[in-house]
Amino acid sequence: VDGVKYDFQSAGEFISLRGNGIEVQTRQTAVSKQTKSGVNAYTGLASCVSLYTAVALRVGAHRVTIQPNISGVPDPSGLQIRVDGQLRTLGPEGIDLSSCNCQVEVASSQIKHSGRIQRAADEESIEIIYTDGTKVVVTPAWWANQQKWYLNVNIYDTTASEGIMGRIASDSWLPALSN
């Protein structure tokens, strides 16, 4: 969120950003090496990079998940969006998440959050816009060589600062993490 770029090649589910009532989690999946040599003798790894393959967000009391079609069949029609576990279709009017008028408790204070899910101007990306101005943009991409769908995840205009996408303190080389 502060513009510092770095590589993070790991597999698993991570808190990408948290703070002020916002939480964004991402799933990173390893991509197997294409070479016939198998496991790297030095590192012991059979994969070389990882890709975002899912994102989950807390928007007020709602849980929003975005990922490529989980049937295992490549789906060029786009991403699956679930709100509170229910598959939703993103029409031209978007999905309004403000109806609950939710309060999220954060460090002894109440932060009121709601938001909206909508298509971005490029018609491929999905935007989640929080009432505090935070914007999460999820863009699907196809890596033809590897035959894999993956996601580009970008976060803008946020005050949240903890997690692997969080701010890096001037005296550190790691983002702020809870533990």
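Me: A residue counts as buried when its relative accessible area is under 20%, as exposed when it is over 50%, and as partly exposed in between (1.4 Å probe, protein chains only). What share of the residues in the protein chain is buried?

Reply: Buried residues make up 39% of the 179 residues. The model is predicted: local features need pLDDT of at least 70, side-chain atom pairs count only at pLDDT 80 or more, and totals for chains, interfaces and linings use all residues. Residues are numbered from 1 along each chain as its sequence is written, and side-chain values use heavy atoms, leaving out hydrogens and water.

Me: Why is Ala160 called buried?

Reply: The relative accessible area of Ala160 is 0%, and therefore Ala160 is buried. Ala160 lies in the segment after β13. Beyond residues up to four places away in sequence, Ala160 touches Val1, Leu17, Arg18, Gly19 and Asn20, a contact being heavy atoms within 4.5 Å. Ala160 and Gly21 are 139 residues apart in sequence, yet 8.3 Å apart in space, C-alpha to C-alpha.

Me: How many helices and strands does the protein chain have?

Reply: The protein chain has zero helices and 13 strands. Both are DSSP runs, numbered from the N terminus: helices are H or I with at least four residues, strands E with at least two.

Me: What makes a group of residues the largest nonpolar core, and which of its residues have the most contacts inside it?

Reply: Such a core is a set of buried Ala, Val, Leu, Ile, Met, Phe, Trp, Tyr and Cys residues joined through side-chain atoms within 4.5 Å. The largest has 26 residues, with Leu57, Ile66, Ile117, Ile128 and Val136 having the most contacts inside it. Strands that each supply at least two residues of this core include β2 (22-32), β4 (62-68) and β12 (135-143). The largest share, four residues, comes from β3. Residues touched by Ile128, not counting those up to four places away in sequence, include Leu57, Ile66, Ile117 and Val136.

Me: Which residues lie nearest the centre of the largest pocket?

Reply: On a 1 Å grid over the protein atoms alone, a pocket is an open set of points where a 1.4 Å probe fits, with protein on both sides within 12 Å along at least five of seven lines; lining residues have an atom within 4 Å of a point. Tyr6, Tyr52, Val153, Asn154 and Met165 lie nearest the centre, among 28 lining residues. The strand β13 gives the most to this lining, with seven residues.
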